[in-house]
Amino acid sequence: MRDAAPQTVYLKDYKPFGYDIDSVQLDFDLSPHATRVKSRIAFRPKPTSDRRFFLHGEQLKLIAARIDGAPVTPQVNAQGLMCDVPDGPFIWEAEVEIDPANNTALEGLYMSGGMYCTQCEAEGFRKITYYPDRPDVMSVFTVRINGPHPVLLSNGNPVSQADGVAEWHDPWPKPAYLFALVAGDLVAHADEFTTKSGRKVDLNLYVRPGDEGKCAFGMQALKDSMKWDEAVYGREYDLDIFNIVAVDDFNMGAMENKGLNVFNSSAVLASPETSTDMNFQRVEAIIAHEYFHNWTGNRITCRDWFQLCLKEGLTVYRDSQFTSDMRSAAVKRIGDVIDLRARQFAEDQGPLSHPVRPESFQEINNFYTATVYEKGSEVIGMLRRLVGAQAYAEALDLYFERHDGQACTIEDWLKVFEDTTGRDLGQFKRWYSQAGTPRIKVEDNWNSNTYTLTFTQHLKPSATTPDPKPQVIPIVTGLLAPSGQEVVASRVLELTEAQQSFTFEGLTERPVPSVLRGFSAPVILENKRAQEHAAFLLAHDTDPFNRWEAGRELARDSLLAMIRSGAAPDLGYLDGLAKVLSDTTLDPAYRALMLALPGQTDIATALHDVGETPDPDAIWSAHETMIEAQATHFAELLPALFAQNQVREAYRPNAAQSGQRSLANAVLRLLCLNDGPDRAQAQFDTADNMTQQLAALAVLLRANAGKDALQSFETQWKSDRLVMDKWFGLQVMQAAPADVAETAQALTQHPDFNWKNPNRFRAVFGSLAAHHAGLNSADGAGYKLLADWLIKLDPVNPQTTARMCAAFQTWRRYDAERQALCATQLDRILAVPDLSRDTSEMLERIRG
Ligand code: ARG
Ligand code: ZN
């Protein structure tokens with residue numbers, strides 16, 4: 001059955017469901033092609049609402065339906081069913097048949113490597129049975145699973161476990177999107193945790209046999225997260241058991257199903273030999289994220305999917321606080337800002353721009369975006385900065401107390417802050433409703449010992465925000481004396497007007513301002529500050545973020561000058577950076593971040609921002625030239641830097657060691673330019689951990705000296721799917737622009753290119769999409785190859801296809817020839833008959 005014509009859903013049309021559900025009982029008879037699902041749902045009409053009885057259901061074979069025991073014949077269509085029902089409470093029963101083995105979309109109940117698993121957020125439960133599949137319908141679930149599998153799991157606490165049948169009961173009312181079921185031949189890595197009030201919780205990480213050695217780190221991260229949420233937010237776990245399952249085929253990172261988190265194996269499995277430091281950090285952050293959802297998402301959920309940022313923005317914010325506490329706060333903040341600029345700013349500046357709380361959508365899966373997640377988190381960071389840490393904590397306590405067990409809105413969220421602080425957050429709310437990145441200009445004035453900073457804010461009108469209004473922007477600012485001494489410590493300047501001035505009295509000489517410290521608001525600071533000014537902050541700023549930012553700005557400006565006029569790399573930047581690199585009082589991780597250049601996409605964005613057409617090849621060359629200049633300019637420094645940052649102790653994925661490795665590996669690349677590939681080959685040959693091995697392989701590939709290493713890596717890791725994802729991805733990432741499409745194309749011919757596996761598909765095509773000069777190569781080969789494969793994947797897995805379409809979101813900023821090549825490919829995909837709703841919505845928005 002095909003989808004009906006795509007329909008747009010609007011926030012303003014929200015209506016409550018006409019019934020409460022007292023209880024849900026589900027009975028599963030598992031079978032790969034014919035799983036039977038029996039449901040028994042106790043409905044109770046609400047006194048006032050519209051009582052139309054509609055249950056969602058898609059791709060279900062209805063076997064039987066009964067109301068209060070008597071057979072009924074509902075009217076069924078592709079979206080669900082309607083039925084005449086009694087006026088009072090009644091019991092709805094249905095039996096449906098589904099085909100998990102053919103469910104390649106990985107939404108609903110599906111199979112992965114012989115195991116059954118589910119993904120229901122956002123609207124996947126309707127592919128399991130008929131149900132009001134909306135987050136504001138919450139109920140208590142009892143689940144019985146019949147199947148010949150040693151492990152049978154669902155949400156909540158176990159009621160009974162016997163051979164081939166298990167029953168689970170979840171006492172906490174929840175929406176259907178938090179339902180989960182897992183069945184398979186799995187092994188558990190078990191542990192336990194005692195909550196602060198003394199509840200003993202069994203913890204299990206279920207994996208496929210063979211993966212037992214990759215569980216310890218994830219388990220520790222879980223226990224750290226549980227402890228942290230108690231200590232920082234006062235939130236305790238609320239069931240007797242907490243299960244995590246690793247699944248190889250998964251569209252996203254992970255899912256916070258109540259008591260049964262399901263993870264993409266890449267987001268939970270980790271071992272030193274097979275995972276990089278970055279992988280470990282990601283696992284720790286995602287474990288924390290999903291665990292934190294137990295309160296921000298599950299105990300308090302969303303009224304409707306427009307409120308997605310209510311749980312996602314807050315949970316991302318919480319996991320970023322966790323990572324800052326576990327590791328280095330400055331390094332975490334810089335990493336987050338790099339990511340925000342690369343993904344969220346790009347989204348905001350193109351055709352996919354939408355508010356943190358969108359007001360309409362066709363396919364909600366297309367709105368699990370950087371704007372909802374990362375900008376949603378930034379908005380909470382600003383709120384905390386504005387009200388202060390103490391009031392933030394009080395407001396959160398009130399939020400949990402007032403809304404526990406409810407499905408809420410952004411209005412509910414803001415109200416707890418208003419009630420706690422007495423502040424009017426009406427203007428602040430624009431952060432949720434206005435799309436786009438505000439631009440800030442700052443000017444300063446020095447007049448008889450009074451220093452004045454004048455800010456203006458501007459938001460470009462867009463389709464969703466035609467008439468933008470000023471927002472409340474917390475601008476954390478400090479002032480430095482020309483000696484480098486800080487004379488005014490960081491304070492929050494609250495910019496609320498389109499233009500506004502702030503004065504500082506009692507200074508004896510004109511200071512140098514350090515504004516937007518810590519990146520205190522997700523805005524673009526537009527003013528061109530003098531080159532010396534940035535160099536001064538690079539040398540002296542006490543705010544680690546702004547010190548990094550000053551270096552970043554110098555690097556960017558130098559790259560732009562190289563691109564525009566063939567200028568040589570800026571010596572001021574290189575000298576400033578040399579000082580930072582050799583300053584051993586600075587964290588190696590921080591120095592590694594300093595050494596890295598702004599990404600090529602960021603440079604393209606910077607050019608586009610000022611009305612210029614970015615040339616991907618010129619950007620690529622400027623990058624290469626700058627890296628060569630770094631190698632030459634730092635030649636004296638590098639060998640010592642490399643030696644000092646070799647870790648001598650046994651591998652641990654902690655902040656200190658990973659910082660050293662990241663600096664040493666960045667240096668390795670430069671050393672290879674100076675001295676040839678021997679050092680990289682030696683590191684590759686002797687590495688006892690994936691971070692060192694993979695970094696060396698990357699350097700060798702870059703130097704065109706990686707053929708043998710690539711081969712031996714493949715031989716060594718052939719049977720490890722997560723490592724092989726790296727092998728696939730790295731070849732595309734490290735290819736020269738002209739070879740990218742060809743390399744990717746060749747990899748699709750490899751026998752292990754299982755394109756239906758999202759991780760493997762993304763390894764190749766996510767890397768292609770991330771290769772700025774390769775994707776946008778002048779012959780259009782990048783666009784064409786990506787389009788070929790999106791067309792192929794769409795009927796199999798619309799969600800992953802649609803997400804990958806975002807690679808095209810910037811197409812209009814390039815030259816006419818590239819635009820024409822890209823348009824041809826976009827139109828070719830759009831012309832495919834029966835294109836999924838996911839992909840057509842994305843491409844129609846992108847094509848414009
Ligand atoms: N709620 C999950 C998280 O923790 C993401 C699930 C998204 N799934 C989807 N099909 N859009 O972020
Ligand atoms: Zn989440």
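Select Leu-793 and look at what surrounds it. Leaving out residues up to four places away in sequence, Leu-793 touches Trp-755, Phe-761, Thr-800 and Thr-801. Keep in mind that this is a predicted model.

Now colour the helix. Leu-793 belongs to helix α24, which covers residues 781–793. Is Leu-793 buried or exposed? Leu-793 is buried, because 23 C-beta neighbours lie inside 10 Å and the cut-off for buried is 20 or more.

Thr-477 and Leu-793 are 316 residues apart along the chain. How far apart are their C-alpha atoms? The separation is 49 Å.

Now select residues 436–527. In an unreviewed entry, UniProt lists this stretch as "domain: Peptidase M1 alanyl aminopeptidase Ig-like fold".

Move on to a sheet. Strands of a sheet pair through backbone hydrogen bonds, in either a parallel or an antiparallel sense. Find the open sheet of five strands with the order β17-β18-β19-β21-β20. Its pairing is mixed. Which strands are at the edges? They are β17 (187–194) and β20 (254–255), and each pairs on one side only.

Zoom in on β19, residues 241–247, and β21, residues 260–264. These two strands run in the parallel sense and pair over five bridges. Finish by selecting Ile-244. Opposite Ile-244 stands Asn-261, in β21.

Notes: Residues are numbered from 1 along each chain as its sequence is written. Chains are lettered from A and ligands numbered from 1 in the order in which they are written. This is a predicted model: local features need pLDDT of at least 70, side-chain atom pairs count only at pLDDT 80 or more; totals for chains, interfaces and linings use all residues. UniProt positions are given in the numbering used here, feature names are shortened, and annotations may be inferred rather than shown by experiment. Two strands pair if DSSP finds at least two bridges between them. Helices (H or I, at least four residues) and strands (E, at least two) are DSSP runs, numbered from the N terminus. A residue is buried if 20 or more other C-beta atoms lie within 10 Å of its own, exposed if 12 or fewer, and partly exposed in between; C-beta atoms are placed from the backbone. Two residues are in contact if their C-beta atoms, placed from the backbone, lie within 7 Å.
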